[in-house]
Amino acid sequence: AIVGVFDYLTGFELNFFAFYLIPVILAVWFVGRTFGVFISALCVVVSIAGDLFAGARYSSSLVPVWNTAISLTFFFVVVWILAKLRSLHNELEERVRQRTAALNTEMQERMRLEEEILSISEREQQRIGHDLHDSLCQHLTGVALAGEVLSEQLTAKSVPEAKAVDHIVEMVEGAIDLTRTLARGLHPFELTGEGFTDALRELAATITEGFKTPCTFRCDKPVAIVEPGVATHLYRITQEAITNAFKHSNATEIIVRLEAGSDGLTLTISDDGVGLPAQVPGGMGLRTMAYRASVIGAIF
């Protein structure tokens with residue numbers, strides 16, 4: 001209607017034909033082909049009527065008929081092309097939607113499998129830790145007690161080999177301590193609540209004692225973590241980061257820092273070494289750390 005009014009006001013000498021494409025395009029794209037055909041016919045009728053009312057005179061009655069036919073043909077071609085484009089556009093959008101849904105499903109399945117793999121790995125570490133602590137440690141303790149009894153018997157008989165037995169007992173006791181350390185590393189017995197800070201402090205002390213490299217844990221105040229999964233993932237990230245420091249950075253000091261601020265919890269593992277090489281062999285540890293962080297909604 002607006003285009004028709006302007007067409008009438010400007011007179012029949014100025015051609016407004018191209019402006020009628022605007023309602024035709026809108027009709028086809030946002031409604032459909034049939035409505036586009038209807039609007040095309042309406043536009044041709046309005047255009048011819050406007051010219052006639054504006055005073056247009058033709059040498060023959062066939063002229064407006066011919067102009068009408070040409071205009072309709074042009075509009076119908078435009079309608080057909082736009083309908084095809086709209087159909088292709090809808091088909092492409094549907095394919096994109098289906099592909100996106102398939103990718104989302106695949107990503108969710110992959111995340112589920114990765115979480116399951118981590119869960120299985122964690123359960124196996126816990127099982128091995130329990131076995132080391134409850135079975136092997138107990139067995140070694142029995143061996144140490146038996147060695148002490150044998151040492152006392154040999155000492156009572158003034159047998160010179162008693163000192164060698166004492167040395168063996170000391171080695172067995174060392175093996176017990178090492179086994180307990182391994183068991184705690186595989187499965188810390190208490191990570192939730194304020195036990196998380198105690199576990200990190202014990203980990204730092206164990207690293208210092210076992211690797212003879214100072215590893216310091218710093219935390220201004222105890223941090224309580226309620227969710228066991230969050231605590232476990234943070235503990236494993238700390239272990240892996242410390243391992244990277246020993247393997248790659250040639251560090252002489254490692255600092256584990258835990259800070260609780262208004263924007264959340266920050267866990268930092270830093271060292272005074274040369275950093276990671278440009279190409280870390282395998283790189284599985286870094287990917288696992290990043291994935292563990294993503295699982296608990298953290299930024300790695």
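Q: Is R201 buried, partly exposed or exposed?
A: In this predicted model, local features need pLDDT of at least 70 and side-chain atom pairs count only at pLDDT 80 or more, while totals for chains, interfaces and linings use all residues. Residues are numbered from 1 along each chain as its sequence is written, and side-chain values use heavy atoms, with hydrogens and water left out. Buried means under 20% relative accessible area, exposed over 50% and partly exposed in between, with a 1.4 Å probe and protein chains only as cover. The relative accessible area of R201 is 41%, so R201 is partly exposed.

Q: Which residue forms a salt bridge with R201?
A: A salt bridge is a side-chain nitrogen of Lys or Arg within 4 Å of a carboxyl oxygen of Asp or Glu. With the closest N and O atoms 3.3 Å apart, the partner of R201 is D198.

Q: Which residues are linked in a network of salt bridges?
A: The side chains of E109 and R112 meet at 2.6 Å, N to O, and those of E116 and R112 meet at 3.0 Å, N to O. E109 and R112 are three residues apart in helix α4, whereas E116 and R112 are four residues apart in that helix. The network of salt bridges therefore links E109, R112 and E116.

Technical notes. Helices (H or I, at least four residues) and strands (E, at least two) are DSSP runs, numbered from the N terminus.
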